[in-house]
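Let's take a walk through a protein together, one step at a time. Keep the sequence and the 3D view side by side as you read.

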Amino acid sequence: QVHLMESGGGSVQAGGSLRLSCTYLGATYNSKCMGWFRQAPVKEREGVASLDTETSKSYYTDSVKGRFTISQDSAKNTVYLQLNSLKPEETAMYYCAAGTACYYDGSQVISDALYYWGKGILVTISS
């Protein structure tokens, strides 16, 4: 079992930045991969970024490459998502997820093998 808690959401203007945090508690093998996903109103959930916590290899969905950065502080059991140059269309609930492996199809972070999810945190970007 893994428990996840997101923090750091809020409201910013277009072009602004936020840093989201996800603190996780649980078995290490269940948090080998940590990911961030988002879901906007009336849209499907989409992957944003993921991180292999053992190798520190990161993956990004094409739409956020160069603007978002995923990182970890293992001592704090925390994964971060730095969001820069935010756009109004990126207003969404952002979810942290944990699992046994990171999957990436070359352009999109995939949620397969991510079995544990946080409750989500709202990020609002105004134009």
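Leaving aside its neighbours within four places in sequence, which residues is Ile121 in contact with? Before we answer, a word on what you are looking at. This is a predicted model, in which local features need pLDDT of at least 70 and side-chain atom pairs count only at pLDDT 80 or more, while totals for chains, interfaces and linings use all residues. Residues are numbered from 1 along each chain as its sequence is written, and side-chain values use heavy atoms, with hydrogens and water left out.

Now for the answer: Ile121 is in contact with Glu6, Ser7, Gly8, Gly9, Leu20, Ala92, Met93 and Tyr94, where contact means heavy atoms within 4.5 Å. Ile121 belongs to strand S13, residues 121–126. Strands here are DSSP runs (E, at least two residues), numbered from the N terminus. Ile121 counts as buried because its relative accessibility is 16%; buried means under 20% relative accessible area, exposed over 50%, and partly exposed in between, with a 1.4 Å probe and protein chains only.

Next, look for the sulfur atoms. A disulfide is a pair of cysteine sulfur atoms within 2.5 Å, and by this rule the count comes to two. One of them joins Cys22 and Cys96, with sulfur atoms 2.0 Å apart. This link is left-handed, with -80° about the S-S bond. Cys22 sits in strand S3 (residues 18–26) and Cys96 in strand S9 (residues 92–99), so the bond ties together parts that are 74 residues apart in sequence. Both Cys22 and Cys96 are buried.

The other disulfide joins Cys33 and Cys102, again with sulfur atoms 2.0 Å apart. Its torsion about the S-S bond is about 105°, so it is right-handed. Cys33 lies in strand S4 (residues 33–39), while Cys102 is in the loop between S9 and strand S10 (103–104), 69 residues apart. Cys33 and Cys102 are buried too.

Finally, follow strand S3 into a sheet. Four strands form an open, antiparallel sheet in the order S1-S3-S8-S7, with S1 (2–7) and S7 (68–73) as the edge strands, each pairing on one side only. Two strands pair if DSSP finds at least two bridges between them; S3 and S8 (residues 78–83) have six. Among these partners, Arg19 is bridged to Gln82 in S8.
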